[in-house]
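Here is a walk through one protein model, written for someone who would rather look at side chains than at tables. Keep the structure open while you read.

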Amino acid sequence: MNRLTLKSSRLFAALLAAGVIGGAGVAAVQELTPAQAQPSAAVQAVAPAAVATPDFAAIAARYGGAVVNISTRGVQPVADEGADSGPGARIDPGLQDFLRRFGLPPGAFQFAPPGPGGPGAVPMHGQGSGFIVSPDGLILTNAHVVRNARTVNVKLTDRREFQAKVLGRDDKTDVAVLKIDATGLPTVPLGSSQALRPGDWVLAIGSPFGFENTVTVGVVSAKGRSLPDDSAVPFIQTDVAVNPGNSGGPLFNARGEVVGINSQIYSRSGGYQGVSFAIPIELARHVEQQLVAHGKVEHARLGVTIQSVNQALADSFKLPKPEGALVAQVEPGSAAERAGLKAGDVILRANGQAIVDSGDLPARIALARPGDKLALEVWRQGRPEQLSATLQGARPADTALAQGSAASHGKLGLSLRPLQADEKRQTRLDEGLVVEQASGAAALAGVQPGDVVLSINGQPASSVEKLRAVLAKADKSVALLIERDGQQLFVPVPLA
């Protein structure tokens with residue numbers, strides 16, 4: 001018996017005596033020759049990577065204190081799907097006149113119907129997560145976490161609670177910025193999602209179902225995912241367990257850096273089913289900087305309708321392989337038309353970065369601002385061509401005030417657009433702003449979609465810019481003169 005075999009026998013005897021293995025394991029133990037005892041070259045090559053597991057406990061302990069629980073209260077509009085829709089269908093006209101005589105604003109009493117057949121509003125209470133990015137209380141979360149919120153409460157891991165201000169939210173990217181009145185707070189380090197690879201470890205911290213500071217772990221499943229309703233966001237897909245209440249929480253990489261904001265799950269049951277999506281941190285920071293500086297986000301537009309390129313389309317356009325974004329339509333007067341883009345062009349690169357799938361193009365544009373130059377390489381009639389586009393801003397109908405009832409300067413929470421020529425003829429109004437969406441303070445005061453804002457604090461509401469200028473100088477409340485169903489009345493809207 002050689003020396004290795006003797007050692008193996010002694011080890012086996014010790015394990016047997018200690019009860020670690022039973023007698024049934026004797027037949028399974030075989031003597032190994034010195035050559036058999038050495039790991040193969042392949043095993044030696046992968047062994048270091050196999051044991052390089054991140055210290056998840058250390059990441060959670062170090063940065064868990066910067067993850068907050070967010071609870072909101074407000075009202076949730078109830079859509080009217082019946083035939084009796086319209087501003088006058090909510091309350092009996094006689095009751096409306098009664099309310100006006102006593103100086104009460106329209107919508108002061110909102111009744112939620114017992115079924116789906118009428119407009120109204122119901123009390124709303126929501127929960128989500130967020131994370132602190134500056135010691136003075138700046139917090140990132142999802143826009144849908146604070147949508148329709150009248151009050152936003154933030155709870156820290158040390159049990160302290162703060163009333164938060166919504167500095168602004170951007171529904172297009174689902175990013176919101178909150179501010180609490182505190183200093184010396186713990187923060188998370190921000191990394192980059194660019195270096196992430198499918199298979200990399202990631203960790204999420206949040207409040208699923210209200211269970212605060214819950215830690216879950218998984219891997220990156222894919223990058224650059226485009227979802228049907230979120231074409232501007234190149235989502236990070238993971239298999240980290242994310243459930244209702246995790247929304248707005250951080251996604252960490254193996255080094256403990258935040259690389260994304262957990263935003264959505266794919267589910268047929270309402271619970272986690274192995275697929276979750278996070279907003280890349282680069283896009284979130286881009287939105288945050290604009291919200292903090294201006295209270296709103298300016299989204300750049302190219303002005304094209306695109307679709308993915310499959311093998312059949314690649315063969316038709318004589319592309320070497322199915323990649324790029326196929327231009328299906330070019331909007332008249334858009335940046336794309338001015339740059340010379342045409343239907344049938346396939347965009348292969350934007351500012352030198354490859355457009356592998358059609359979803360890559362909106363993701364590139366989402367990080368740009370109106371006025372930025374976009375160098376495009378397109379495939380046209382069997383050969384590449386170089387074009388340059390100057391990106392435009394949002395269309396007039398997309399112009400909106402920063403939303404959130406607790407925002408700085410008391411933002412109203414209204415999405416507005418100017419009256420069109422045909423609307424001026426129908427309403428016999430020379431100027432005004434049509435309410436497309438209402439939330440926050442204005443919605444609680446009774447302003448509804450379809451109302452026309454005529455003035456604010458006595459100043460004509462001839463444009464969104466003029467209304468915003470008056471709003472910036474306002475103190476505790478503003479008086480909106482609105483027209484609804486041919487009748488005019490003032491609606492006081494508190495700003496704090």
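What follows is a tour of a predicted model, going from the cores to the helices, the salt bridges and a few loop residues.

## The cores

Start with the largest nonpolar core, which has 33 residues. Phe131, Leu140, Val188, Phe252 and Ile279 touch the most other members. Helix H7 (residues 281-294) gives this core its largest share, five residues. Apart from it there's another core, this one of 26 residues, including Leu412 and Val491.

Leaving out residues up to four places away in sequence, Ile279 touches Asn142, Val233, Phe235 and Val259, among others. Thr173 is also one of the residues on that list. Thr173 sits in the loop between strand S6 (165-170) and strand S7 (175-179). Is Thr173 buried or exposed? With a relative accessible area of 0%, Thr173 is buried. Besides Ile279, the contacts of Thr173 beyond four places in sequence are Val233, Leu283, Val287 and His299.

Helix H4 (residues 56-63) has Phe56, Ile59, Ala60 and Tyr63 as its buried residues. Looking down the axis of H4, these fall within an arc of 95°, so they line one face of the helix. Ala57, Ala61 and Arg62 are exposed on the other side of H4. Why would spacing along the sequence put residues on one face? An α-helix has 3.6 residues a turn, so residues three or four places apart point the same way.

## Salt bridges

The structure holds 17 salt bridges. One of them joins Arg417 to Glu436, with the closest N and O atoms 3.0 Å apart. Arg417 is in strand S20 and Glu436 in strand S21, so the pair ties together parts that are 19 residues apart in sequence. Arg417 counts as buried at 15% relative accessibility, whereas Glu436 is partly exposed at 32%.

Another salt bridge pairs Lys296 with Glu298 at 3.5 Å, N to O. Lys296 is partly exposed at 25%, and Glu298 is partly exposed at 41%.

Then there's a network of salt bridges that links Lys155, Arg159, Glu161 and Glu212. Within it, the closest N and O atoms of Glu161 and Lys155 are 4.0 Å apart. Lys155 is buried at 17%, while Glu161 is partly exposed at 47%.

## Loops and surface

Arg159, from that network, has a phi near 80°, a positive value in a residue other than glycine. Arg159 lies in the loop between S4 and strand S5 (161-163) and is exposed, at 55% relative accessibility. Asn148 has a positive phi as well, near 65°. Its place is the loop between helix H6 (143-146) and strand S4 (149-155), and at 12% relative accessible area Asn148 is buried.

Val217 belongs to strand S9 (residues 214-227) and is partly exposed, at 34% relative accessibility.

Note on methods
Residues are numbered from 1 along each chain as its sequence is written. This is a predicted model: local features need pLDDT of at least 70, side-chain atom pairs count only at pLDDT 80 or more; totals for chains, interfaces and linings use all residues. Side-chain values use heavy atoms; hydrogens and water are left out. Helices (H or I, at least four residues) and strands (E, at least two) are DSSP runs, numbered from the N terminus. Buried means under 20% relative accessible area, exposed over 50%, partly exposed in between (1.4 Å probe, protein chains only). Contact means heavy atoms within 4.5 Å. A nonpolar core is a set of buried Ala, Val, Leu, Ile, Met, Phe, Trp, Tyr and Cys residues joined through side-chain atoms within 4.5 Å. The arc is that of the directions from the helix axis to the C-beta atoms. A salt bridge is a side-chain nitrogen of Lys or Arg within 4 Å of a carboxyl oxygen of Asp or Glu.
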